[in-house]
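Visitor: I'd like to learn how to read a few local features in a model. Could you walk me through some?

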Amino acid sequence: STRPVKRKRQPLALCFTRRPVVAKLFVSYFPAKNASIPAASMVHYVKMEDGKVMPIQEMLKSIERYNPEHLKVIEAYVEEQARENQYDLEANLACLKLYQFNPHLLNLDITYIILLKALTNFPHTDFVLCKCLLLPAQMNDETVKEIIYLADILEKCDFSLFWSRLAKHPENYQKISGFHDSIRKFVCHVVGITFQTIERGYLMQLLGNVEEKVLLSWLKRYGWKEEGGLVTIATQEDNIKTKHITEKIEFDNLAPLMANCL
């Protein structure tokens with residue numbers, strides 16, 4: 001009969017040395033300290049002092065959001081929001097907060113992007129939050145003053161003035177992808193809760209003197225119907241429900257009040 005071959009157990013240290021693939025994958029996913037990091041991964045990942053790498057969203061939930069060494073990464077993330085038509089309020093607020101703590105690191109171009117991105121999220125109060133974090137050096141900047149003025153116009157829903165004012169300084173929003181459509185979305189929100197019907201030409205003016213093709217695309221998006229030069233928005237009567245309020249006040253509840261009046 002054949003005797004089974006007894007395999008020799010390998011030392012524990014040797015077992016650890018036989019896993020080079022895992023180590024290689026880790027290094028390729030998280031580049032070395034001096035290696036060049038692609039723009040996409042640099043935007044989304046932050047490297048800690050201990051060498052640990054975490055997504056920027058997780059970093060913003062920790063005390064590391066106040067570390068000025070991460071400012072360049074956050075600024076790159078802000079620029080990507082402008083390019084890719086994305087929006088992350090927490091990252092933008094963290095960037096402004098770092099400017100507060102480190103005024104010497106202030107970047108006005110990044111400030112412009114943050115404020116303009118906040119404009120695109122009207123009617124939410126993001127712009128007010130960003131404005132409260134501005135330094136005097138930012139508030140005194142002429143471009144910042146202009147953006148704040150645009151926010152005031154939007155808040156008053158003076159859309160005709162907004163578009164005319166915007167046309168005077170086109171360089172302010174050229175870096176913001178989808179800026180016009182985001183503002184038009186807010187315009188449609190206001191129109192939707194205000195009008196039952198609106199003149200076709202007036203709607204085109206509110207949307208920024210848009211062309212026929214652009215107008216039709218927005219009508220299709222919101223399901224608005226056009227007939228005879230009028231655009232039917234909604235029957236606002238459906239949104240207004242009559243409330244019957246009945247108050248029952250017992251005499252015992254009024255007795256102390258009447259006694260005090262004597």
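Visitor: Is L257 buried or exposed?

Guide: Buried means under 20% relative accessible area, exposed over 50%, and partly exposed in between (1.4 Å probe, protein chains only). L257 has 51% relative accessibility, so it counts as exposed. L257 sits in helix α15, residues 251-261; helices are DSSP runs of H or I with at least four residues, numbered from the N terminus. Keep in mind that this is a predicted model, where local features need pLDDT of at least 70, side-chain atom pairs count only at pLDDT 80 or more, and totals for chains, interfaces and linings use all residues. Residues are numbered from 1 along each chain as its sequence is written, and side-chain values use heavy atoms, with hydrogens and water left out.

Visitor: Which residues have a positive phi although they are not glycine?

Guide: N85 is one, with phi at about 55 degrees. N85 belongs to the loop between α5 (71-84) and α6 (89-101), and its relative accessibility of 42% makes it partly exposed. N209 also has a positive phi, about 55 degrees, without being a glycine. Look for N209 in the loop between α13 (200-206) and α14 (212-222); with a relative accessible area of 62%, N209 is exposed.

Visitor: Where is there a cis peptide bond?

Guide: Check omega: the bond joining F122 and P123 is cis, with omega about 10 degrees. P123 is in the loop that links α7 (108-119) and α8 (126-131).

Terms used: Helix = DSSP H or I, 4+ residues; strand = E, 2+ residues; numbered from the N terminus.
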